[in-house]
Amino acid sequence: MSEAVIELEKVSKTYGSGSAETKAVSEVSMTVEHGGWVAIMGPSGHGKSTLLQLIGGLDRPSDGRIVVDGTELATLGATELAALRARRIGFVFQFFNLLPHLTALENIEIALWLGGTKNTNGRAMDLLERFGLGDKARHLPGMLSGGQQQRVAIARALANDPGILLMDEPTGNLDSASEGDLLTLLSDLNAAGKTLLMVTHNPVVAQCAHRVLHVKDGRIVSDARNREH
Ligand SMILES: Nc1ncnc2c1ncn2[C@@H]1O[C@H](COP(=O)(O)OP(=O)(O)O)[C@@H](O)[C@H]1O
Ligand SMILES: [Mg+2]
């Protein structure tokens, strides 16, 4: 049994209060081992994105304990949490969230800068080239296709070489050719030792992961290993 890289103990997240209260995540306990590849499935509005944001330190739980890479997130102040997020966790958002007025190259450079990575010379360009986007370095995101924007977003998430990659519906807006390319890329990253956690609605995509969690009403209702892996 590998060492756990993500651990959740009775994690809950409640938004609002009184009659407007929503329990987005409800007493979730789980672990993800180092080098794991986990898909999270479940209906819309049932807490998948909230769960990912809590694990990624983008939001704080109302209750429970989250340990990422051996660090309990609650012990970190805002600055330390931002540093952990920038260096150890890559986040790929559903709608890419690239900065529209920066080029593809600059979008990655800013992540390197935020992560405090030294000697960044050439690293942003190397990442773009690795994802077949060397010739798009000076393009603004709006000039790129969905699949290309997605690859820039992944290159940005990998800028500081984090061990963990969190992805919210990474294939949601892609055509099937781009989806296939992305799955090959994710498979290579996982083989290189990255821990992957992805929310997806697509059963074919979930099949590529090693383990599938189903979320309903903010709870994990099933947790299954994929037979092929
Ligand atoms: N920032 C927020 N403020 C208030 N309610 C929220 C917020 N984010 C999510 N919610 C609510 O929490 C529930 C779970 O949302 P979400 O995690 O986005 O679900 P999913 O990703 O599964 O579609 C929904 O009812 C949603 O409306
Ligand atoms: Mg969501």
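**View 1. The loop that holds D217.** D217 sits in the loop between β9 (211–216) and β10 (219–225); helices (H or I, at least four residues) and strands (E, at least two) are DSSP runs, numbered from the N terminus. Although D217 is not a glycine, its phi is positive, at about 50 degrees. A word on the source of these views: this is a predicted model, in which local features need pLDDT of at least 70 and side-chain atom pairs count only at pLDDT 80 or more, while totals for chains, interfaces and linings use all residues. Residues are numbered from 1 along each chain as its sequence is written, chains are lettered from A and ligands numbered from 1 in the order in which they are written, and side-chain values use heavy atoms, with hydrogens and water left out.

**View 2. K10 in strand β1.** Here is another residue to look at for its backbone angle. K10 lies in β1 (residues 4–15), and its phi is near 45 degrees, a positive value in a residue other than glycine. K10 counts as exposed, at 54% relative accessibility; buried means under 20% relative accessible area, exposed over 50%, and partly exposed in between (1.4 Å probe, protein chains only).

**View 3. The surroundings of ligand 1.** The shell around ligand 1 is made up of Y15, T22, A24, P43, S44, G45, H46, G47, K48, S49 and T50; a residue is near a molecule or strand if one of its heavy atoms lies within 4 Å of it. These shell residues divide into three nonpolar, seven polar and one charged. For that count, Ala, Val, Leu, Ile, Met, Phe, Trp, Tyr, Cys and Pro are nonpolar, Asp, Glu, Lys and Arg are charged, and the others, Gly among them, are polar. With three residues, α1 gives the most to the shell around ligand 1.

**View 4. Backbone atoms facing the oxygens of ligand 1.** Zoom in on the polar contacts, meaning pairs of N or O atoms within 3.5 Å; within protein, one must be able to donate a hydrogen and the other to accept it, and residues adjacent in sequence count only if both atoms are side-chain atoms. A backbone N or O atom of G45 is 2.6 Å from an oxygen atom of ligand 1. For H46, a backbone N or O atom lies 3.1 Å from an oxygen atom of ligand 1. A polar backbone atom of S49 is 2.8 Å from an oxygen atom of ligand 1. Ligand 1 taken alone exposes 570 Å², and the protein buries 58% of that; accessible areas come from the Shrake-Rupley method with a 1.4 Å probe, and for residues only the protein chains shown count as cover. The elements that give two or more residues to the shell around ligand 1 are β2 (22–33) and α1 (48–55).

View 5. T200 is found in the loop between β8 (195–199) and α7 (203–208). T200 is buried, with a relative accessible area of 2%, and its side chain reaches the backbone nitrogen of N202 at 3.0 Å. Beyond its neighbours within four places in sequence, T200 is in contact (heavy atoms within 4.5 Å) with A39, I40, M41, T171, V205 and A206.

**View 6. T71 and R88.** T71 lies in strand β5 (residues 71–72) and is buried, with a relative accessible area of 18%. The side chains of T71 and R88 are joined by a polar contact of 3.4 Å. Leaving aside neighbours within four places in sequence, T71 is in contact with I66, L76, L84 and R88.

**View 7. N190 in helix α6.** N190 is found in α6 and counts as buried, at 10% relative accessibility. Its side chain reaches the backbone oxygen of K194 at 3.0 Å. Not counting residues up to four places away in sequence, N190 touches G35, G36, W37, L196 and H210.

**View 8. The nonpolar cores.** A nonpolar core is a set of buried Ala, Val, Leu, Ile, Met, Phe, Trp, Tyr and Cys residues joined through side-chain atoms within 4.5 Å. The largest has 39 residues, and those with the most contacts inside it are I108, L128, F131, I154, L165, L186 and M198. A second, separate core of 28 residues includes L84, L166, L197 and L213.
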